[in-house]
Amino acid sequence: MDEEKKSERESRTSESEWAELTHECLINILFRLSLEDRWRAAMRVCKAWHQACKDPYLNSVLDLESHFVPANELPRFWTPDFERRVDNMLRSVVVWSSGSLTQIRVRHCSDRSLALVAQRCPNLQILSIRSSPHVTDAIMAEIASGCPKIEELDISYCYEISDKSLAIIGARCPNLHVLKRNLMNWLDPSQHVGIVPNEYLNACPQDGDSEAAAISRCMPHLLHLELRFLKLTAKGVTLISEGCKELEYIDLSGCANVTSRDIAYASLNLKNLKTIKKPNFYIPRSSFHAERYGHWQLYDERFQTDVFRI
């Protein structure tokens, strides 16, 4: 019995000591926790901790990227319910940040949450919203106006975003140095089947050269550019090389309509280029020009001309 009372007194003493922590000390402790630990555990301890977790100092960065890795959870990421959850979390962090939010790395958000970002995040520097099927050109125009300090933008796999967004972001965000505009593997979509809705796979943007033109015209200070599986031609690559001469890194993996010769010619304009990732496979000519040059199919099959495609 005495032992029980002693244990009870020690427990109350411990709780009292935690409760008496100054706000600054509590924030310092919570800052050392991961985002998940703060949301799942610390916020539920007591009212004081719940309020402390909303401090702007703890909400200047929202990075959920590591939570999208487990392959067994991927299909549910594309459901409306999951999108609502991401939107709600993003909106909460935006409100708590009180304008101090500088980095957002999420997936599967929508215009609903980004509208609040555009209104309340003037200091945003990094915005990564890849795989967000319901983010549109309209909201990207608001982001461009409300978040002019953006330096890094990842809009990979966002198929409702077009060259219009690229143009307005480039015009209103002069500090933009990193752009990631990758598409899903449309040459072999089997890796996405069963995970990504078929109608979304079929909505893959078709005019890569229009996007290249917008990038070339409005983003002259880019240093890092990713365009994996974008439907570019030699024209698009040339436009980028003429308009983005400060590029140090460019990824053209999967750009099946671009040859090494096209890339070599365009690279002559890129004096600062350090790394370039080229398309790393051969695509039979008939895959792209069967209607106009049907006679080439038999020629390719007989002499395997795709082996010489550079």
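The model is predicted: local features need pLDDT of at least 70, side-chain atom pairs count only at pLDDT 80 or more, and totals for chains, interfaces and linings use all residues. Numbering runs from 1 along each chain as its sequence is written, and side-chain values use heavy atoms, without hydrogens and water.

**Stop 1: the helix pair.** Select residues 111-120, helix α7, and residues 137-146, helix α8. Helices are DSSP runs (H or I, at least four residues), numbered from the N terminus. The two pack at about 20 degrees, axes 8 Å apart. Axes are lines fitted to C-alpha atoms over the stretch in contact, and angles run from 0 to 180 degrees between N-to-C directions. α7 and α8 are therefore roughly parallel (angles under 35 degrees).

Now show side chains. Asp111, Leu114, Ala115, Val117 and Ala118 of α7 meet Ile139, Glu142, Ile143 and Gly146 of α8 (contact: heavy atoms within 4.5 Å). Six of the contact residues are nonpolar, one is polar and two are charged.

**Stop 2: the largest pocket.** Select Arg40, Leu64, His67, Phe82 and Met89, the closest to its centre among 15 lining residues. Its volume is about 580 Å³. Lining residues have an atom within 4 Å of a point on a 1 Å grid. Color α3 (35-40), α5 (74-77) and α6 (80-97): each supplies at least two lining residues. The lining has eight nonpolar, one polar and six charged residues.

**Stop 3: the second largest pocket.** Select Arg107, Ser131, Tyr157, Met184 and His192, nearest the centre among 19 lining residues. The space is about 350 Å³. Here the lining divides into eleven nonpolar, six polar and two charged.

Methods. Parallel < 35°, antiparallel > 145°, perpendicular 65-115°, else oblique. Nonpolar A, V, L, I, M, F, W, Y, C, P; charged D, E, K, R; others polar. 1 Å grid on protein atoms, 1.4 Å probe; cavity = no way out; pocket = protein on both sides within 12 Å on 5 of 7 lines; lining within 4 Å. Points joined across faces, edges and corners; volume = space filled by probe spheres on them.
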